[in-house]
Amino acid sequence: MHEMSLTESVVRILEGEAARHGFSRVKLVRLEIGELSHVDPESILFCFGAVAGRSPLTSGAEMKIVRAPGQAHCLDCGDTVPLADRLAPCPRCGGARLVITGGEEMRVKEMEVE
Amino acid sequence: MCTVCGCDTPHHHPGHDHGHDHHDDHHDHGSSRMIQVERDILAHNDGHAARNRAVFAERGILALNLVSSPGSGKTTLLCRTVEALKARMPVAVIEGDQQTSFDAERIRATGAPAFQINTGKGCHLDAHMIESALARLRPEEDSVLFIENVGNLVCPAAFDLGEAAKVAILSVTEGEDKPLKYPHMFQAASLMVLNKTDLLPHLDFDVDACVAHARRVNPSITVLMLSARTGDGLDPWLEWIAERRRHTLAHRAESLEAKLAAVRATMDSSG
């Protein structure tokens, strides 16, 4: 399950930030996960629950996930369109040739620390 | 300096100057603070991937990341490919599996150098594993490096290894709907190889539907059909590799010529 690797990457980022900013505990971490990204937010939350307790830095930390909307460029009508499903047709012209331009983000946005 | 709490560390307070809702955040001033991070979760992997890509460019190595479900015939295709290419160009292989070195042994039997990575519980190769493997395997300059990923149509899609292209191998025994079921993988791939075509007469596999599904998730994907077992259709695949390698070599030649010109210019100006 690659969500576990990704969650460990999140913790690695938090450790790096702790060294940089000099804090000892993360109370809240907020991620941005695009609607079209290849991770399941529920799995990330589950994995974070399993991983967070391993370190005093993240023990007891809460994770919140913000979804970034999907967006694509349609090769048929040339428009930039919202897209909630990777396999959906263009909502403007019904075309199937879409190049995804947004919604694949996987970022650590911000955190509350002490 | 922050006008809310007066500290000098870049950070952020909920409740103003941004779009989304923070009313549910506790913000106990003095003991806790918000810090803006804005870091890509894959940044660590992507950093290693960028280093691998620089090594490949510098040394003229064409790296191909072969992805598929288990049992698609990746290793059989690789053995056959190595046999066909080894007289024409240097070839090396990195094998990824959770356990065993069976695949690396199969490759070495063809005479090509191979390095086995065992991921243990891991479901994919990452760029750091490849960086370590490169230090051990040391593929020749101007060679083709095949990286056989862990058999899995989900997780390897997320991890850039620094390769020139991902090649998705799909066998016709798996069903034509796989590109729709695992769209991330087929979207990340430059080429889809439909393998085991010798079995088509015995199956209901709809080739046209499969290609249409692949193009639906990735309009620019190239599709080749072959049978690694019989060798039928192997030549277009070998030509696809040779063409990609010509690009890699052309880039390297350009960069070496630029370096040479810079050294000549330095030599002339110092004369």
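This is a predicted model: local features need pLDDT of at least 70, side-chain atom pairs count only at pLDDT 80 or more; totals for chains, interfaces and linings use all residues.
View 1. B:Thr100 belongs to the loop of chain B that runs between strand β3 (91-97) and helix α3 (102-108). When its neighbours within four places in sequence are left aside, the contacts of B:Thr100 are with B:Gln116 and B:Asn118. A separation of 27 Å lies between the C-alpha atoms of B:Thr100 and B:Phe186, two residues that stand 86 residues apart along the chain.

**View 2. Packing of helix α1 against helix α4 in chain B.** Helix α1 (residues 43-59) of chain B packs with helix α4 (residues 127-137) of chain B at an angle of about 35 degrees, and the axes of the two helices are 8 Å apart. The crossing in which α1(B) passes α4(B) is left-handed. On the side of α1(B), the residues that take part are B:Asn45, B:His48, B:Ala49, B:Arg51, B:Asn52 and B:Phe56, and they meet B:Ala127, B:His128, B:Ile130, B:Glu131 and B:Leu134 of α4(B). Sorted by class, the residues of this contact between α1(B) and α4(B) comprise 5 nonpolar, 4 polar and 2 charged.

**View 3. Packing of helix α1 against helix α2 in chain A.** In chain A, helix α1 (residues 2-21) and helix α2 (residues 41-52) pack with their axes 9 Å apart and at an angle of about 60 degrees, which means that α1(A) is oblique to α2(A). The crossing of α1(A) past α2(A) is right-handed. From α1(A), the contact draws on A:Glu3, A:Met4, A:Leu6, A:Thr7 and A:Val11, while α2(A) supplies A:Ser43, A:Ile44, A:Cys47, A:Phe48, A:Ala50 and A:Val51. The residues in this contact of α1(A) with α2(A) are 8 nonpolar, 2 polar and 1 charged.

View 4. Chain B has a secondary structure of 8 helices and 8 strands, and 47% of its 271 residues count as buried. Among the contacts in chain B with a separation of 6 or more, 69% are between residues 24 or more positions apart. The accessible surface of chain B amounts to about 12,800 Å², and carbon and sulfur atoms account for 52% of that surface.

Notes:
Residues are numbered from 1 along each chain as its sequence is written. Chains are lettered from A and ligands numbered from 1 in the order in which they are written. Side-chain values use heavy atoms; hydrogens and water are left out. Axes are lines fitted to C-alpha atoms, for helices over the stretch in contact, and angles run from 0 to 180 degrees between N-to-C directions. Helices (H or I, at least four residues) and strands (E, at least two) are DSSP runs, numbered from the N terminus. Angles under 35 degrees count as roughly parallel, over 145 as roughly antiparallel, 65 to 115 as roughly perpendicular and the rest as oblique. A crossing is left-handed if the near helix is turned anticlockwise from the far one by less than a right angle, and right-handed if clockwise. Contact means heavy atoms within 4.5 Å. Ala, Val, Leu, Ile, Met, Phe, Trp, Tyr, Cys and Pro count as nonpolar, Asp, Glu, Lys and Arg as charged, and the others, Gly among them, as polar. Buried means under 20% relative accessible area, exposed over 50%, partly exposed in between (1.4 Å probe, protein chains only). Accessible areas come from the Shrake-Rupley method with a 1.4 Å probe; for residues, only the protein chains shown count as cover.
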